[in-house]
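This briefing is meant for a reader who is meeting the structure for the first time. Please keep the sequence and the model in view while reading the points that follow.

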Amino acid sequence: RADRADVVADACPLAGFGDSAETRALLASLADLHADLVTRESAVERFVVIMDRYQEQPHLLDPHLEWMMNMLLDLVRNEKAPPLLVHLGFKFLYIISKVRGYKVFMQLFPHEVSDLQPVLDLLLRQDPKDTETWETRYMLLLWLAMTCLIPFDLSRLDGHLNSDPRLNREPVMDRLLAVAKAYLQVSDKPRDAAAVLVSKFVTRPDVKQKRLGDFLDWTLAMVSEASDRTMAGTVALDGALRSLAQLFKHGKRDDFLPYAPTVLRCLDQKKLTDSSQAMLRKLGVKVLQRLGLTFLKPRLAKWRYQRGSRSLAVNLGHSAVAGQAEDGRTDGRTLFPGTNGALIPCCLPITPCRIGRVTGRLPRELADDVVGSVLDCFSFQETDNAWHGGCLALAELGRRGLLLPSRLPDVVPLIVQALTYDERRGACSLGSNVRDAACYVCWAFARAYDPTELKPYVNPIASALVITAIFDRNISCRKAASVSDVNTPRQCGTFPHGIDILTAADYFAVGNLSNCYLAISVYVAGFEEYTKPMIDHLVTRKINHWDGTIRELATRALHNLTPCAPEYMANTVLPRLLAVATGMDLHGRHGAILACAEITHALYTLGCRICILIQKLSLSRMPFRDDPVIGEPAPLVSAAPCRSCHAQLLILYELSRYLTALSSAEVQGRCGCALALGALPPFMIHNKLQQILHGLQEACRVVRGMEGFTEARRDAAVALARVCVTVGARSQGSPDNVVCEANVAGVYEALLDCMGDYTTDSRGDVGAWVRAAAMTGLQDVTLQVAGSSPELLTPAICQRVMSCLAQQAAEKIDRYRAHAGAVFLRLLHSTEPAVPHLPHREELLSIFPPEEAESLNWMSASEAFPRVTRLLSLPLYRYHTLLGLAVSVGGLTESTVRFSSQSLFDYLKTVQQDGAALLQFGNTLLQIFRDHLHNDRVSVPLLKMLDQMLSHGCFELFVHEDSHPLCVELLALCKEEIKKSKDIQKLRSCAAVYCGLIQFQGNVRKLILVQLMLLLCHPFPVIRKSTASQVYEMLLTYDDVVDLAVLNDVTTVLSDTNCDLTTLRGYRNQLCDWLGVPRPTLLAKVTC
């Protein structure tokens, strides 16, 4: 109740214009702040914020509009005011008119005779092409439209124009008309104001007599000549059509009827309905409607449906209305004189409000044809736009009494369908506008018809409205249906349980979707009129919805509604759901399976409740003797245990099929079966554990040809850990029942193998999904085993687990590095239970103190890598940590490369003078290179890391030793790595490593130069060029590689690599001679 009160308080409307004082002060300060750009823009933004508060209640501004306008007009009328201040004043006037509406606001403009000439002169001084001052021109046009209403002939304002022929002045009438024509052709907002000016000016008696025909000719010429395929033509058509619509709206029918056939023919020839511009089509329809109202005589149709007497004049007399009403039978030629009936087909694409206006002037037969045409829109071959327009048209016709009660049997079923209209389009759906319009139809009908007319249709309308108010996905539709619910019982008086339902499903309560599905639906379903319609709607419309959230809420709602109709659920709904669960629609299958589970659980719970009722009645020793206390639900009591046992037998029977499906050729089948096995309760795993573990372990392995089954391996790893946690651990237990000494090694082997899954595809490193699942599984299984049977955790298992986690914590992907770090610290800092045999526990606790575990941000490379690199000093962690660092240091992400390389070099500085420690580090590096030879995931970033290490002089302690083994081994491994390789990135990195190794002394230097000479004549030009550039830099860096006498010649040759390969070989051979290395020779091809 408190939450609801807060919502109501927040939604309370404003009581008045509470910003009056601030607005007055702001307007008064415009003269002082207009010169500064910053303060001027701040003032405009603040005024916009104030005005926007009253967008939904603009009438609150009415008492204050006059003084605001007067303050701004004082600035505008001041002759000494700078142009910038004038434009600022008009901008503020536009902001007010935008909120309140120009029709109301323009009436406050002063419109004395003395205002016409200054306003016109000020407008003529404006630049129509200035995009910064369009608000000024817009407001001046509206002001000019008001001054045109002065009740004097405009010729009186011209004075003695003809007395002095030397004065070349135009009459005011011509000047005004020229301004209006000019601004009808601009491309900004003043075009709309120009159309308003035309409607006020041209319809004046004096102007109409002299200029109406000429202006219409000019407008029709614009319509005929302009093309909607160009921007200029579209703008011209827009202005011309707006002016025509305003003229036929505000002008007298007798004045414009002679011109109407000509205008109609022009529009018919223009074919605006085929235009690609939606605005032109809309304006064309608008003009057609105005033409129709011009042709039709204004009269009230006698055949209209009237709900009682709604007019005081009708109640008192009836004479005025009855005298105007007619019910003549006529055809289109009589109704539309001068058109030969051509207007009738032109009026087909017309908007709902205009349909109501035109239909109200038609005889009954033609009006019924209009209704029939509207009903044709409600076809599933039509788009949602047709349904939307049809609903709005029916609401308008009903509101005006033009939809007779005899048509309700045809209309109501269509409206009920529209209330649930939802057409799927890809990953979304269309139809919220249709459902919202259908709610408006129900609201309009409830106010338009007598309750006795709607009584036969109240039940279907009520059910559809309640379903929309509770179960619609769109909040606006739910609120619209709730509002319609409020008005329908109020007007009809026959809404079943209307007051009770409206109390629970009011405008604010339906704002929360979960509350609607899970709470309000249960209350409303307590009324039997709504129970089955609500269940049927959920089953047919919501469990197969494209939105997964709606499907899940629908199934939970079915669970809650099951106690309201248990037999209907068991006998009718479940069979229907089972059929859907085996269908082709994926969304339907998902929703049906969830719904079956929820309904089955609800039926079981209901049976248990009845059993509890019997138990409590027996304990209470109630004096029942052969009375049917339980009644109908009794069969449910006996059926519940039988169904449960049958389900258990069925799952046990299907277990072997699940295990077989783990090797299915469909990845989704593997995923589903693996997760199903992971969700089994303990009693179903009993005596089947070894079989399940073996199947899941096989599913975790990467099989050649099936590397793409990444999701299946991920779910198998998840299921493997869940099964182990479910059954628990006992060292001397049976391998078919618990995790024990006989099967624990296989579990860890499978999960640790998953830690090495680096499968990639078009989505990137998808193997990371498997690694993350394996890390989570290792944490859960290790903590489970450590808590129940720690003797199962051998030192070898603990060492390998922690080493693999350290490797993942040193790798480049932030998310998975953070996950690995969190698991690593969880196992390290766990005390209940404590994980035994952790290698280097004390050193690890000094690196990762427990009190800093929460603050350490593993996602940040700047925080993670300085800690991780300290693991390199621990022998049992060095290999895996360096393996992870190699991938990070040689990666692509700038921040990761920077912080990981900096942390690595900081560590190497601590051991750079320790020969033994540096040699151990180098041997580990060589071992990683050997183990991952030709594995591009590791070898390429490892080469990049080697290049950085050599360029930073990390092995300077060894470079002076003649042919150090580290250099010799690295050279051999690099040669093997790039053998027959066409990977440009690898070749370039290897050339950089060669150039770094040149700093080592001894015969190995000549071997390195030979490899560089080979790359200088590589078949790939990019490799030749990059190698030449790197060798050039190498010779300048290490001056003892080549004799200084030939250094210039060598660098000159290296600078020219754009010649053909044959010429390059000659240059390369010359370089070999200068460097003192043997010339490479081509191997002869062996022929049979």
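A residue is called buried when its relative accessible area is under 20%, exposed when that area is over 50%, and partly exposed in between, using a 1.4 Å probe and protein chains only. The model is a predicted one, in which local features need pLDDT of at least 70 and side-chain atom pairs count only at pLDDT 80 or more, while totals for chains, interfaces and linings use all residues. Residues are numbered from 1 along each chain as its sequence is written, and side-chain values use heavy atoms, with hydrogens and water left out.

**The chain as a whole**

- The secondary structure comes to 55 helices and two strands, where helices (H or I, at least four residues) and strands (E, at least two) are DSSP runs numbered from the N terminus.
- Of the 1088 residues of the chain, 49% count as buried.
- With contact taken as heavy atoms within 4.5 Å, 72% of the contacts between residues at least 6 apart in sequence join residues that are at least 24 apart.

**Confidence**

- The chain has a mean pLDDT of 85, and 87% of its residues reach 70 or more; pLDDT is the predictor's confidence in each residue, from 0 to 100.
- Residues 1-12 have a pLDDT below 50, and this stretch has five contacts in the model beyond near neighbours in sequence.
- Residues 318-334 also have a pLDDT below 50, and here the model shows 23 contacts beyond near neighbours in sequence.

- Helix H13 is mostly covered, since 16 of its 20 residues are buried.
- The expected span of a helix is 1.5 Å times one less than its number of residues, so the 20 residues of H13 should span 28 Å, and the 29 Å between its end C-alpha atoms agrees with this.
- Thr-230 caps the N-terminal end of H13, with a side-chain oxygen 3.1 Å from the backbone nitrogen of Gly-233.
- Asp-238 has its place in H13, which covers residues 231-250, and Asp-238 is buried because its relative accessible area is 5%.
- The side chains of Asp-238 and Arg-242 are joined by a polar contact of 2.6 Å; a polar contact is a pair of N or O atoms within 3.5 Å, where within protein one must be able to donate a hydrogen and the other to accept it, and residues adjacent in sequence count only if both atoms are side-chain atoms.
- Not counting residues up to four places away in sequence, Asp-238 touches Arg-191, Met-279, Leu-280 and Leu-283.

**Aromatic rings**

- Rings of Phe, Tyr and Trp (its six-membered ring) pair if their centres lie within 6.5 Å, and planes under 30 degrees apart count as stacked, over 60 as edge-to-face and the rest as tilted; by this rule the count comes to 20 aromatic pairs.
- Tyr-94 and Trp-134 form an edge-to-face pair, because their ring centres are 4.9 Å apart and their planes are at 75°.
- Tyr-94 lies in helix H6 (residues 83-100) and Trp-134 in helix H9 (residues 134-147), so this pair ties together parts that are 40 residues apart in sequence.
- Tyr-94 counts as buried at 14% relative accessibility, whereas Trp-134 counts as partly exposed at 21%.
- Phe-109 and Trp-143 are stacked, because their ring centres are 5.4 Å apart and their planes are at 15°.
- Phe-109 lies in the loop between helix H7 (102-105) and helix H8 (113-124), and Trp-143 lies in helix H9, so the pair ties together parts 34 residues apart in sequence; both Phe-109 and Trp-143 are buried.
- Ring pairs also link Phe-378, Phe-380, Trp-387 and Tyr-421 into a cluster.

**Charges over rings**

- A charge sits over a ring if NZ of Lys or CZ of Arg is within 6 Å of the ring centre and within 35 degrees of the ring normal.
- The charged end of Arg-24 sits over the ring of Trp-67 at 4.0 Å from its centre, and that of Arg-937 sits over the ring of Tyr-758 at 3.4 Å from its centre.

**Two further buried residues**

- Arg-817, in helix H43 (residues 814-829), counts as buried at 0% relative accessibility, and a polar atom of the Arg-817 side chain lies 3.2 Å from the backbone oxygen of Met-859.
- Met-51, in helix H4 (residues 37-52), is buried with a relative accessible area of 0%.
- The C-alpha atoms of Met-51 and Ile-96 are separated by 7.0 Å, although the two residues are 45 residues apart along the chain.
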